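Keep the structure open while you read.

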Amino acid sequence: MKKVILLLSVLVLLSACHSRQNEAIMQKSSSGKTLEVLLAADKGQMLKMTRELIDSIFLQPQGCLPQPEPRFDLVNVPVSSLRNTHMFQMHRNIVILEVKKGNPDKVYIDRDKWAAPQVVVDIAASSEASLRDLLRKYEPNIVNAIYNAEHKRMIRAFYNNRNVDLMNRMKEKFGFELTFSEDFMWATEDDGFAWIRKETKDFSLGVLVNVTPYRSQEMMLPEKIYNRIDTIMRRHVPSPSEDGYMGTERRVDFETRKVDYEGTDYCIETHGLWRLMETTDRMGGPFVCYSMLSPDGKNIVEVIGFVYAPRFDKRDYLMQVEGICNSLKWKE
């Protein structure tokens, strides 16, 4: 009898695991454009002060871009339309603003609720004033949740069309993986360095990987990071014309912050602009750098993504290289 009960328990467990696996497999991919946010809010709730606050959060210019571009693109629908329309529920980034007497004045962040990857931010406020307080208080959490979901979507898209040979070469050289799609190629390498790039007639995306022995905590100070980025660019990325080189644009402030990065105890994210130095070539664009301590504490790994797209907006291209930079998987 005990054997029968044990067998039934195992079968139930296997059935539950199988059901969860099928659910994950069957979950549809989220829809929507890069950095597009579906804002579910009723017009009657959107008072002037609330609308201005929402615009200041979601439509403010993204920093460290050559030309002004909004942080997100907003699409507004009524809350009832979201609740009753499957198409809206498939959107990649959803923010629900619901004001109702008796609401708990809380912010709920749900991931992959109706699709994957997806983030759903549900703000349940009891009044317009409470709604504005919640938006101000949790703005960093909301923005970070949306960016994290965007990075996951980029990684998934690249992985579905991954360049296996390039990724294996990266793993052999550095001992960790980065996810690149088929249209990226290995440009050049040196001791502790590699440059991977994608070239089209309209734009160029590049990823620089550099490993430096860790000596002291001072190496993670912002100015030290800026100087290393300059050195990496100058040493390894030449200008099309003679004597020119790539460098950071110091006339524009960098944006630097500590971020959570899987597999490391310490990571600094830096956004800025780059340009060609000592040349008449007017080339430049945005870059992002992740400076992190390796899991064994022996090295600083820098992954730098940059964009050159002279005739196009750069925000979405920058998100592509951010996704690559966030795809790093350390050796087991």
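Helices and strands here are DSSP runs, numbered from the N terminus. The model is predicted.

Q: Where does Arg71 lie, and is it buried or exposed?
A: Arg71 sits in the loop between α2 and β2. Buried means under 20% relative accessible area. Arg71 has a relative accessible area of 16%. That value makes Arg71 buried.

Q: Which side chain makes a polar contact with the side chain of Arg71?
A: Arg71 is in contact with several residues beyond four places in sequence, among them Leu35, Tyr147, Glu139 and Arg315. One of its contacts is a polar one between side chains, at 3.3 Å. The partner is Glu139.

Q: Which peptide bond is cis?
A: Most peptide bonds are trans. Look in the loop between β4 (106–111) and β5 (119–125), where Pro117 is placed. Omega is near -10° for the cis bond from Ala116 to Pro117.

Q: What is the relative accessibility of Leu35, a residue with phi near 60°?
A: Most residues other than glycine have a negative phi. Leu35 has a positive one. Leu35 is in the loop between α1 (2–26) and β1 (36–40). Leu35 counts as buried because its relative accessibility is 1%.

Q: Is Cys64 buried or exposed?
A: Cys64 also has a positive phi, about 60°, although it is not a glycine. Its place is the loop between α2 (48–58) and β2 (73–77). With a relative accessible area of 10%, Cys64 is buried.

Q: Which element gives the most to the largest nonpolar core?
A: This core has 33 residues, and Met170, Phe180, Met292 and Leu328 touch the most other members. Elements that each supply at least two residues include α6 (164–174), β13 (284–293) and α8 (315–325). The top contributor, with five residues, is α8.

Q: How many residues are in the other core, the one that lies apart?
A: In soluble globular proteins, nonpolar side chains tend to be buried together. Leu328, from the largest core, touches Phe176, Tyr261, Met292 and Val303, among others. Apart from that core lies another, including Leu53, Val99, Val121 and Ile123. Its count is 28 residues.

Q: How far apart are the closest N and O atoms of Arg169 and Glu189?
A: Side chains of opposite charge can pair when their charged atoms come close. Arg169 and Glu189 form a salt bridge. The pair links helix α6 to strand β7 (residues 185–190), 20 residues apart. The closest N and O atoms are 2.8 Å apart.

Q: Which residue of helix α6, with Glu189 16 residues away in sequence, ties to strand β7?
A: A salt bridge to Glu189 has its closest N and O atoms 3.1 Å apart. The pair ties helix α6 to strand β7, so parts 16 residues apart in sequence are joined.

Q: Is Glu249 buried or exposed?
A: Glu249 forms a salt bridge with Arg275, with closest N and O atoms 2.7 Å apart. The pair ties a loop between β10 (245–248) and β11 (255–258) to strand β12 (residues 267–277). Arg275 is partly exposed at 29% relative accessibility. Glu249, at 9%, counts as buried.

Q: Which residues are linked in a network of salt bridges?
A: A salt bridge needs a Lys or Arg side-chain nitrogen within 4 Å of a carboxyl oxygen of Asp or Glu. By this rule the count is 22. The network links Asp73, Arg315 and Asp316.

How values were computed
Residues are numbered from 1 along each chain as its sequence is written. This is a predicted model: local features need pLDDT of at least 70, side-chain atom pairs count only at pLDDT 80 or more; totals for chains, interfaces and linings use all residues. Side-chain values use heavy atoms; hydrogens and water are left out. Helices (H or I, at least four residues) and strands (E, at least two) are DSSP runs, numbered from the N terminus. Buried means under 20% relative accessible area, exposed over 50%, partly exposed in between (1.4 Å probe, protein chains only). A polar contact is a pair of N or O atoms within 3.5 Å; within protein, one must be able to donate a hydrogen and the other to accept it, and residues adjacent in sequence count only if both atoms are side-chain atoms. Contact means heavy atoms within 4.5 Å. A nonpolar core is a set of buried Ala, Val, Leu, Ile, Met, Phe, Trp, Tyr and Cys residues joined through side-chain atoms within 4.5 Å.
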